[in-house]
Amino acid sequence: QVQLVESGGGSVQAGGSLRVSCTASGHTIQSNNCMGWLRQAPGKEREVVAALYLGGRSTYYADSVKGRFTIAQESTKNTWYLQMDSLKPEDSAMYYCAADLAPDSWTCEYNYWGQGTQVTVSS
């Protein structure tokens with residue numbers, strides 16, 4: 001029944017900003033849940049960009065995006081977003097929101113996935 005729905009993304013020039021949002025329909029984030037954003041570019045490995053874990057009480061960022069990207073929950077507790085500032089061409093990728101929403105899980109196994117949204121950064 002739970003479905004992750006993404007919005008946002010698009011195309012910007014280098015140095016610009018984009019914001020992508022993810023909503024877990026039919027679910028309210030619990031204290032054990034993990035929420036993340038992952039990306040994959042053609043010919044590249046998929047990587048975790050940022051994550052909220054322990055129900056949003058702790059944060060992880062990949063080294064490549066530290067200081068530029070921010071992950072946070074919306075005031076609506078079933079929604080989280082990724083604010084991307086100072087974008088670089090190498091940030092271009094398909095971005096996916098994902099989550100571990102199992103009621104008894106304390107891991108980030110990303111059992112639920114959004115459909116993906118394209119982010120393109122031009123020079």
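Me: Which residue forms a salt bridge with Asp91, the closest N and O atoms being 2.7 Å apart?

Reply: Happy to start there. A salt bridge here is a side-chain nitrogen of Lys or Arg within 4 Å of a carboxyl oxygen of Asp or Glu. In this predicted model, the partner at that distance is Arg68. Asp91 sits in the loop between E8 and E9, while Arg68 is in the loop between strand E6 (58-61) and strand E7 (69-73), 23 residues away. Salt bridges with shared partners join Arg39, Glu47, Arg68 and Asp91 into one network.

Me: Before we go on, what should I know about the numbering and the model?

Reply: Residues are numbered from 1 along each chain as its sequence is written, and side-chain values use heavy atoms, with hydrogens and water left out. Since the model is predicted, local features need pLDDT of at least 70 and side-chain atom pairs count only at pLDDT 80 or more, whereas totals for chains, interfaces and linings use all residues.

Me: How many salt bridges does the structure hold?

Reply: There are 5. One of them brings the side chains of Arg39 and Asp91 together at 3.0 Å, N to O. That pair spans 52 residues, from strand E4 to the loop between strand E8 (79-84) and E9. Another salt bridge pairs Asp63 with Lys66 at 3.1 Å.

Me: Are those residues buried or exposed?

Reply: Go by relative accessible area: buried means under 20%, exposed over 50%, and partly exposed in between (1.4 Å probe, protein chains only). Arg39 counts as buried because its relative accessibility is 6%, and Asp91 is buried at 1%. Arg68 is buried as well. Asp63 and Lys66, by contrast, are exposed.

Me: What does the torsion about each S-S bond say?

Reply: It gives the handedness. For Cys22 and Cys97 the torsion is about 55°, so that disulfide is right-handed. For Cys34 and Cys108 it is about 105°, so that one is right-handed too. Counting bonded cysteines along the chain, the pattern is 1-3, 2-4.

Me: How many helices and strands does the chain have?

Reply: Helices (H or I, at least four residues) and strands (E, at least two) are DSSP runs, numbered from the N terminus. This chain has 0 helices and 11 strands.

Me: What is the overall size of the chain, and how much of it is buried?

Reply: The radius of gyration is taken over C-alpha atoms, and the globule rule is 2.2 Å times the number of residues to the power 0.38. For 123 residues a compact globule would come near 14 Å, and the chain has 14 Å, so the two agree. The C-alpha trace spans about 45 × 30 × 25 Å along its principal axes. Buried residues make up 44% of the 123 residues.

How values were computed
A disulfide is a pair of cysteine sulfur atoms within 2.5 Å.
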